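Here is a short report on one structure. The sequence and model come first, then the details.

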Amino acid sequence: MIRIENVSFKHRTTPILTDVSLTIPKGGVVALIGPNGAGKSSLLSLVARLQALQTGTIDIDGLPVDTTPGRELARVIAILRQDTTVASRLKVRELVGFGRFPHGRGRLTEADHAIIDAAIAQFDLADLADRFIETLSGGQRQRALVAMAFAQGTDYLLLDEPLNNLDMYYARELMRSLRSAADGKGKTVVIVLHDINQASAHADRIVAMKGGRIVADGAPTEILTPEMLETVFGFRMRVETIEGKPFVLHQL
Ligand SMILES: Nc1ncnc2c1ncn2[C@@H]1O[C@H](COP(=O)(O)OP(=O)(O)O)[C@@H](O)[C@H]1O
Ligand SMILES: [Mg+2]
């Protein structure tokens, strides 16, 4: 379980997050949605301790993120940042292998290699495994980064806009991989999405943020209403139900 309690966060005097409380039980896919600047990335970076907590508490399976040693935390939670840049003179296989670092002392065991190979296969990277990152397309690079996060093998996975640069095929594949990791292995996935329909199709729960606060939280069928969407994004959208799931026609 991820427990976020009364978290507030400022850059100098500017409030970025205000009194955010959120409990995410173990197992399942939670989509974090909201307009640019809502505070989604800031919240994830506090959970993964990429930034230090200022006010409030966060713990993961009872481990307080502010005092747990980094290495221990990295065996429990992995994060794929929105703005990840990687050294380009690195091969795909080496990048994916970085996911195993918290588990050893830099030397990869046979078991590590098996996990790396599985992540490479899962994200369709076998043909690219020996290519340098700098020679990949944006979507191929994104898949390699997601594979690295998966290879970390943590129970909790935070993914900040992982669908960026992915074509429709790979976006769907990634969402299905996340769904099966949650259903089959009990993984807990928190994913920032701009594609609300991916959230509706694959997430158990949607948490909507705006202006540094949580403004809606519930199952897709409960919260994807024209009213909620207008409150969060500032314009009216049509919502249609297909196979029992709400789909948002935001292009109209
Ligand atoms: N290093 C920073 N210094 C000042 N303001 C920042 C910094 N990082 C983020 N912000 C501000 O914090 C707010 C939330 O940003 P962010 O968490 O990235 O939002 P989101 O991921 O929802 O788009 C934005 O208004 C952004 O401009
Ligand atoms: Mg962001």
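How many bridges join strand β1 to strand β4? Five, and the two strands, residues 2–11 and 55–60, run antiparallel.

## Basis

This is a predicted model: local features need pLDDT of at least 70, side-chain atom pairs count only at pLDDT 80 or more, and totals for chains, interfaces and linings use all residues. Residues are numbered from 1 along each chain as its sequence is written, chains are lettered from A and ligands numbered from 1 in the order written, and side-chain values use heavy atoms, without hydrogens or water.

## Sheet and helix

Four strands form an open sheet in the order β2-β1-β4-β5, with antiparallel pairing (pairing takes at least two DSSP bridges; strands are DSSP E runs of at least two residues, helices H or I runs of at least four, numbered from the N terminus). β2 (14–24) and β5 (63–64) are the edges; each has a single partner strand, so one side of each lacks a neighbour in the sheet.

Helix α1 (residues 40–47) packs on the sheet. The helix touches β1, β2 and β4 (contact: heavy atoms within 4.5 Å). Its direction makes about 60 degrees with that of β2 (axes are lines fitted to C-alpha atoms, for helices over the stretch in contact; angles run from 0 to 180 degrees between N-to-C directions).

S41 sits in helix α1, and Q82 in the loop between β6 (77–80) and α3 (92–98), 41 residues apart.
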